[in-house]
Amino acid sequence: MMSLASRLRASRLYLCTDARERQGDLADFLGAAFAGGVDVVQIRQKNMAPEAELAALEVARSVAGARGIVCVNDSPRVAKAFAADMLHLGQTDGSARRARRSLHEWALIGRSTHTPDQADEALADPDVNYFAVGPVHATPTKPDYVPVGLDLVRHAARTAPVADPASKPWFAIGGLDAGNLDQVIEAGARRVVVVRAITQAPDPEAAARVLKDRLRQAWADDPELAAYGLRSAALDT
């Protein structure tokens, strides 16, 4: 059975979604997203009561099964109550070391980064397992953040080579969809976080599949990634 760290390294497509309270279809929506190839799902909804967030996370975990990882957003307290496998922290959410005290032994922690220095700090932090770089483009889900463009993606590709399994996984994020995915791939990204590209799609499964297929192709086309799977598996032996 793959470890959580191995499953994270094998992940390509990471979805952030609210709890779909307006649509009332969280289980069906997540089922379609996972069927289309989503690897990680984070429930992210502002001002959500902890009880409601925990209920949504339980739905996500029941739907995900062995198909994907469910991530808690921002809150070590919620992550502890959920016995979370993954927690994602923003720049203002405190230290990863302190957050880790709320998690089980094998749990993973991610960090949002918006500058080269923040990306470098995430790389150097032994309690951070992965990081996200962005927002690449302007996005209504993070209206207070100035888009960073592709330079931060290129920086991450240089400092955390995707082809090296010993390097921390990282994801490009921010306004990404099928229309601009090639731009971040060309800049060096091989993993992405999306929101509206799937949450607002009329067919979430089909939308996820288009993104996942393009990412798979990017990995297949990259000769440096030819032995990634075997080298990654060796880290767990």
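**Exercise 1. Find which residues Ile185 is in contact with, leaving aside its neighbours within four places in sequence.**

*Solution.* Start with the ground rules. This is a predicted model, in which local features need pLDDT of at least 70, side-chain atom pairs count only at pLDDT 80 or more, and totals for chains, interfaces and linings use all residues. Residues are numbered from 1 along each chain as its sequence is written, and side-chain values use heavy atoms, with hydrogens and water left out.

Step 1: Locate Ile185 in helix H8 (residues 181–186). Helices (H or I, at least four residues) and strands (E, at least two) are DSSP runs, numbered from the N terminus.

Step 2: Look for contacts, meaning heavy atoms within 4.5 Å. With those sequence neighbours set aside, Ile185 touches Arg190, Arg214, Leu215 and Ala218.

**Exercise 2. Decide whether Ile185 counts as buried or exposed.**

*Solution.* Step 1: Recall the cut-offs: buried is under 20% relative accessible area, exposed is over 50%, and partly exposed lies in between (1.4 Å probe, protein chains only).

Step 1: Ile185 has 8% relative accessibility, so it counts as buried.

**Exercise 3. Work out where the buried residues of helix H7 lie around its axis.**

*Solution.* Step 1: List them. In H7 (residues 151–159), Leu152, Val153, His155 and Ala156 are buried.

Step 1: They cover an arc of only 160 degrees around the axis, so they are on the same side of H7. The arc is that of the directions from the helix axis to the C-beta atoms.

Step 2: Ask what covers the buried residues; the cover includes strand E5 (108–113), helix H6 (116–124) and H8.

**Exercise 4. Describe how helices H2 and H3 are oriented to each other.**

*Solution.* Step 1: The axes of H2 (residues 26–36) and H3 (residues 50–64) come within 9 Å and cross at roughly 40 degrees. Axes are lines fitted to C-alpha atoms, for helices over the stretch in contact, with angles from 0 to 180 degrees between N-to-C directions.

Step 1: H2 and H3 are therefore oblique to each other. Angles under 35 degrees count as roughly parallel, over 145 as roughly antiparallel, 65 to 115 as roughly perpendicular and the rest as oblique.

Step 2: Name the residues that make the contact: Leu26, Ala27, Leu30, Gly31 and Phe34 of H2, with Ala56, Val59, Ala60, Val63 and Ala64 of H3.
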